[in-house]
Amino acid sequence: MESLDEIISRLKEWYSRTPKHFEGTILGSMTTWPHPIGVYAYQLFIHINGNDPVLFPIVQELEKELLAMIGSLYGSRYGLFTSGGTESNILALFVARRVSRGKNNVVVAPSTVHASIDKACQLMGTRLVKIPVNPLSPVDPDILEKYVREYNPFAVVVTAGTTETGVVDRVKDVSEIALKHDVYLHVDAAFGGLLIPFLHKHGVIDTDLTFYPGVSSISVDLHKNGRAPIPSSLLFFRSETYVDKACFEMNYLPSGVNCGLLGTRPGASLVASWAVVKAIGLEGYEKQALAQQDTALYLFKELDNREFIEVFKPVLPIVAWRSKLYDYEVMIKKLFNEGIFLYKSPSLKAARVVVMPHVTRENIDALLKALDKIHSGSGYD
Ligand code: 0PR
């Protein structure tokens with residue numbers, strides 16, 4: 001047995017070596033530093049099981065409020081709190097299969113969908129048919145309709161803010177197809193859910209995100225742009241009956257049911273999410289989204305001014321770019337050696353910066369300085 005002092009000193013040592021978002025070096029991750037009220041709430045309710053609303057009624061109370069607050073952006077308050085985009089996507093497809101009749105065991109989605117859709121389909125023994133798309137463009141609704149006709153899937157998945165490039169599929173057009181063919185449509189807005197409604201309102205992007213008549217579910221991560229502690233996400237359904245389909249009978253529990261994929265679940269993150277959303281408010285998320293987009297455009301322009309870089313214009317605050325001199329994976333390693341953490345966009349063979357709420361212009365300037373240093377003497381400088 002080790003003494004608590006020893007354990008604490010090892011923890012502190014690890015902590016000092018662990019990158020922290022506020023230091024400004026994490027420029028590729030879709031997570032961010034949680035809002036302090038979330039950390040406070042998390043610690044206060046660290047003991048509660050989110051799967052036991054009888055013992056801990058706060059779980060149900062706050063879940064309802066949280067769904068109403070965020071759901072007002074999309075026009076639904078029905079849904080459930082989950083542990084992340086992956087759980088939300090798996091559950092959405094599980095519900096889709098439960099409610100669909102006369103369809104094939106197939107899901108149709110553009111090739112830009114997140115890997116958690118592959119995971120969901122593998123878990124359910126479902127065939128995932130991917131429509132090849134340019135990673136910089138939304139799926140073409142006419143082509144999507146052809147796939148729907150050909151495969152008669154039980155669900156279609158599109159993305160509102162793809163992981164690699166931030167592209168937003170045209171939810172309204174796809175919704176019309178879903179309605180026409182009576183197929184379940186899930187919109188994965190894990191990343192874009194707290195950006196799109198605001199950027200659309202300000203005319204920054206054309207596509208909106210809402211429960212158009214053909215949309216069955218929308219997932220939105222709170223541990224991404226919501227600034228809630230991990231693990232926090234919401235899955236919205238267009239009607240309450242779908243929520244019941246995401247629940248399982250468990251008669252030994254006081255409540256008799258268990259909703260979602262986890263059994264015992266961190267109730268603390270639900271309470272923390274509620275506190276963070278209350279503290280930031282929709283007006284705070286709106287300001288934040290505009291600031292993120294502004295910083296992303298600043299980066300885009302700066303990169304575009306550099307001859308040694310090829311950069312793709314961002315739709316949402318994700319800026320993908322590549323060096324004309326170095327392979328993108330080499331480039332990412334070189335930046336890693338400079339203490340800057342970026343992720344890849346393999347479909348574009350590019351590096352990508354995700355301008356999360358913690359990313360400032362100063363952080364971007366430090367990245368640009370490192371890039372200039374790496375390319376100096378190359379003939380391009
Ligand atoms: N849908 C989309 C569009 C996503 O981008 C992600 C995650 C998910 C679903 C799954 O969400 P969870 O990871 O919450 O289950 N996107 C990030 C990615 O794959 C996840 C991430 C975040 C990875 C931070 C690394 C990291 O440091 O890049």
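The centres of domain 1 and domain 2, taken over C-alpha atoms, are separated by 26 Å in this predicted model. The domain assignment, with bounds that come from an automatic or database source, gives domain 1 as 4–33 + 281–372 and domain 2 as 36–280. Residues are numbered from 1 along each chain as its sequence is written, and side-chain values use heavy atoms, with hydrogens and water left out. Because the model is predicted, local features need pLDDT of at least 70 and side-chain atom pairs count only at pLDDT 80 or more, while totals for chains, interfaces and linings use all residues.

**Between the domains**

In contact, meaning heavy atoms within 4.5 Å, are 28 residues of domain 1 and 36 residues of domain 2. The buried area, which is the accessible area (1.4 Å probe) that two parts lose on being put together, summed over both, is about 2,700 Å² here, and carbon and sulfur atoms give 69% of that area.

Between the two domains the count is 1 salt bridge, a term for a side-chain nitrogen of Lys or Arg within 4 Å of a carboxyl oxygen of Asp or Glu. The side chains of E286 and K201 meet in a salt bridge at 3.0 Å, N to O.

On the side of domain 1 that touches domain 2, the elements that give two or more residues are helix 10 (267–304) and strand 13 (350–354), where helices (H or I, at least four residues) and strands (E, at least two) are DSSP runs numbered from the N terminus. Helix 10 provides the largest share of that side, 11 residues.

**Around the ligand**

The ligand is surrounded by 19 residues, of which the closest are T86, T163, D188, H223 and Y343; a residue is near the ligand if one of its heavy atoms lies within 4 Å of it.

| Residue | Ligand atom | Distance |
|---|---|---|
| H114 | oxygen | 3.0 Å |
| D188 | nitrogen | 2.6 Å |
| K224 | oxygen | 3.1 Å |

**Backbone details**

The peptide bond from I230 to P231 is cis, with omega near 5 degrees, and P231 is found in the loop between strand 6 (217–221) and strand 7 (233–237).

Note on methods
Polar contact = N/O pair within 3.5 Å; in protein donor to acceptor, adjacent residues only side chain to side chain.
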